[in-house]
Amino acid sequence: EDDAAAPTWPASEEKADEFLQNALAFAVSAEPVMRHQLQTEPDELSSVPSSCLMKASKSAFISPELEEDQAGECLQTCAEQGDADAQNNLGLAFLKGKGVPQDFGKAVDWFTKAAEQGHADGQNNLGLRYLNGEGLPEDFQKAAFWFEKAAADGHPIAQNNLGTCYLSGVGVNTDKTKAALWFQKAADQGNAGAQNNLGLLNLAGDGVTKSSEAAAQCFQKAAGKGHAAGVSESRAMLTPSTTLGCNT
């Protein structure tokens, strides 16, 4: 769906509230969330490329309905042969303990191999391990370094993560203008977290010209994708007593 074609903020409070009620029904969580958040890797492993399965097979064909341990073996074989997708997926398998024993150190090893081949998912996942100190010592500068590598390649989650780093001074010098630029890049690709973050910057005038209208449109887009914070921020803007600005 093209965000540029999204409807403008509803003119009446009644219609706006109706929109937000619908968006709330699709919210991913009703729990309180941080106003600015880093985003993690997908919960599920992406599918093993068919070409990778062919490489791993001793026959001409492998059924797509593989058992978990069989898929794990294929993934391991492909990863060892240098397939970057498989390396990233194997890193996720070790991170999640899916099909293999959970091992953060091995997850980092495979994310590193994928990242060094320029695999954007692997770069973002490696950045998160440095950020959280999982499988290696915590290192915010290296986290930001890998986020930037993936962000420069157009990875929207990494772009949002890098924007959050610049906003909070995590591994880089605080720069709200750069934060806004990276949030914008991710938001333009439909990343709901970035749309919410960009809305907060517009609301406060941090790194961008202050605009409640622009903020409302950003929150609307995030809420429309079921982003809980976006729904919350949008509803807050409809409350007559609300003072525009970021909470502290």
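The expected span of a helix is 1.5 Å times one less than its number of residues, and helices are DSSP runs of H or I with at least four residues, just as strands are runs of E with at least two, both numbered from the N terminus. The model shown is predicted, so local features need pLDDT of at least 70 and side-chain atom pairs count only at pLDDT 80 or more, while totals for chains, interfaces and linings use all residues. Residues are numbered from 1 along each chain as its sequence is written, and side-chain values use heavy atoms, with hydrogens and water left out.

**Figure 1. Overall arrangement of the chain.** The chain contains 12 helices and zero strands. Of its 248 residues, 42% are buried (under 20% relative accessible area; exposed is over 50% and partly exposed lies in between, with a 1.4 Å probe and protein chains only). Among contacts (heavy atoms within 4.5 Å) with a separation of 6 or more, 55% join residues 24 or more positions apart. The chain exposes about 12900 Å², of which carbon and sulfur atoms supply 49%; accessible areas follow the Shrake-Rupley method with a 1.4 Å probe, and for residues only the protein chains shown count as cover.

Figure 2. Helix α4 and its covered residues. The end C-alpha atoms of α4 are 18 Å apart, in agreement with the 18 Å that its 13 residues should span at 1.5 Å a residue. This helix is mostly covered, with 11 of the 13 residues buried. Leu90 and the largest nonpolar core. A nonpolar core is a set of buried Ala, Val, Leu, Ile, Met, Phe, Trp, Tyr and Cys residues joined through side-chain atoms within 4.5 Å. The largest such core has 43 residues, and Leu90 and Leu126 touch the most other members. At least two residues of this core come from each of α3 (68–80), α4 (84–96), α5 (104–116), α6 (120–132), α7 (140–152), α8 (156–168), α9 (176–188) and α10 (192–204). Apart from neighbours within four places in sequence, Leu90 is in contact with Leu75, Gln76, Ala79 and Trp110. In soluble globular proteins, nonpolar side chains tend to be buried together.

**Figure 3. The salt bridges.** The structure holds two salt bridges, each defined by a side-chain nitrogen of Lys or Arg within 4 Å of a carboxyl oxygen of Asp or Glu. In one of them, Arg129 pairs with Glu134, and the closest N and O atoms are 2.7 Å apart. Arg129 is buried, at 4% relative accessibility. Lys176 forms a salt bridge with Asp206, with 3.7 Å between the closest N and O atoms. Because Lys176 lies in helix α9 and Asp206 in the loop between α10 and α11, the pair ties together parts that are 30 residues apart in sequence. Lys176 is partly exposed, at 35% relative accessibility, and Asp206 is also partly exposed, at 22%.

**Figure 4. Cys74 without a disulfide partner.** The structure holds zero disulfides, a disulfide being a pair of cysteine sulfur atoms within 2.5 Å. For Cys74, the nearest cysteine sulfur belongs to Cys78 and is 6.5 Å away. Cys74 is buried, with a relative accessibility of 8%.

**Figure 5. Helix α11 and the residue that follows.** Helix α11 (residues 212–224) has 13 residues and reaches 18 Å from its first C-alpha to its last, close to the expected 18 Å. Its buried residues include Ala215, Phe219 and Gln220. Cys218 is also buried, with a relative accessible area of 12%. After α11 comes Gly226, which has a positive phi near 85°.
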